[in-house]
Amino acid sequence: VGISLTAAAYAAGNMVAMWADTLNNTPRTALKKDAAAGASWHEVVPLRFRRVSWIYDLFGNSSQTKIVAENGRVYALGSVCKPHDCNDNEAAFLIEPGGGHAVGAILLLKNNKLAMVSYFGNATALEHEWLRELLIAGRNITVQ
């Protein structure tokens with residue numbers, strides 16, 4: 001018995017596959033190949049960070065990005081940090097391949113111990129938790 005896919009589902013599946021393959025390289029490359037996802041990401045990045053290429057274009061050192069799902073939607077979840085200054089400068093992203101939804105967060109450290117996570121985009125509680133966990137995992141810090 002064959003399963004027929006709608007054109008949209010097929011395209012979405014191909015986009016997720018492209019992201020999974022591209023993420024072995026960099027999130028920046030995935031954003032370039034997936035213009036709709038890139039537009040979604042660029043739209044939610046706060047104005048003050050739009051000239052910061054490691055955040056706006058995800059052009060930095062990246063963590064191991066993974067594909068996650070929530071409520072039938074599939075996302076790429078990962079983080080980037082400022083090249084040569086990762087300890088105090090890290091941003092996390094959650095981007096839907098093919099566009100449509102993107103959210104992010106930035107870890108703001110003070111004295112390497114006290115931190116605040118600043119979110120952007122319209123994230124659900126679970127998405128906030130994914131981003132927060134990604135940014136503070138393995139760090140010895142207190143989050144406000």
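**Close-up views of a predicted model**

Figure 1. Strand 3 and strand 4 run antiparallel and are joined by six bridges; helices (H or I, at least four residues) and strands (E, at least two) are DSSP runs, numbered from the N terminus, and two strands pair if DSSP finds at least two bridges between them. The model is predicted: local features need pLDDT of at least 70 and side-chain atom pairs count only at pLDDT 80 or more, whereas totals for chains, interfaces and linings use all residues. Residues are numbered from 1 along each chain as its sequence is written, and side-chain values use heavy atoms, with hydrogens and water left out. Phe-93 in strand 4 is the bridge partner of Gly-78. Strand 4 also pairs with strand 5 in the antiparallel sense, over seven bridges, and Glu-90 stands opposite Leu-107 of strand 5. Six residues separate strands 4 and 5 in a hairpin, in whose turn Gly-98 has a positive phi of about 90°.

**Figure 2. The two covered faces of strand 4.** In a regular strand, side chains alternate between the two faces of the sheet. Seven of the seven residues of strand 4 (residues 89-95) are buried, that is, under 20% relative accessible area, with exposed meaning over 50% and partly exposed in between (1.4 Å probe, protein chains only). Asn-89, Ala-91, Phe-93 and Ile-95 are buried on one side, and Glu-90, Ala-92 and Leu-94 on the other.

**Figure 3. Surroundings of Ala-102.** Ala-102 lies in strand 5 (residues 102-110) and counts as buried because its relative accessibility is 5%. Leaving aside residues up to four places away in sequence, Ala-102 touches Ser-40, Trp-41, Val-44, Leu-94, Ile-95 and Gly-121 (contact means heavy atoms within 4.5 Å). Gly-38 is 64 residues from Ala-102 in sequence, with a C-alpha to C-alpha separation of 9.1 Å.

**Figure 4. Helix 5 and its buried side.** The twelve residues of helix 5 (residues 125-136) reach 16 Å from first C-alpha to last, close to the 16 Å expected at 1.5 Å a residue; the expected span is 1.5 Å times one less than the number of residues. Glu-127, Leu-131, Leu-135 and Ile-136 are the buried residues of helix 5. They cover an arc of only 150° around the axis, and therefore lie on the same side of helix 5; the arc is that of the directions from the helix axis to the C-beta atoms. Gly-138, with a positive phi near 75°, follows helix 5.

Figure 5. Leu-58, in the loop between helix 4 (53-56) and strand 1 (61-62), has a phi near 55° and is buried at 1% relative accessibility. Asn-71, in the loop between strand 2 (66-70) and strand 3 (73-81), has a positive phi of about 50° but is exposed, with a relative accessible area of 75%.
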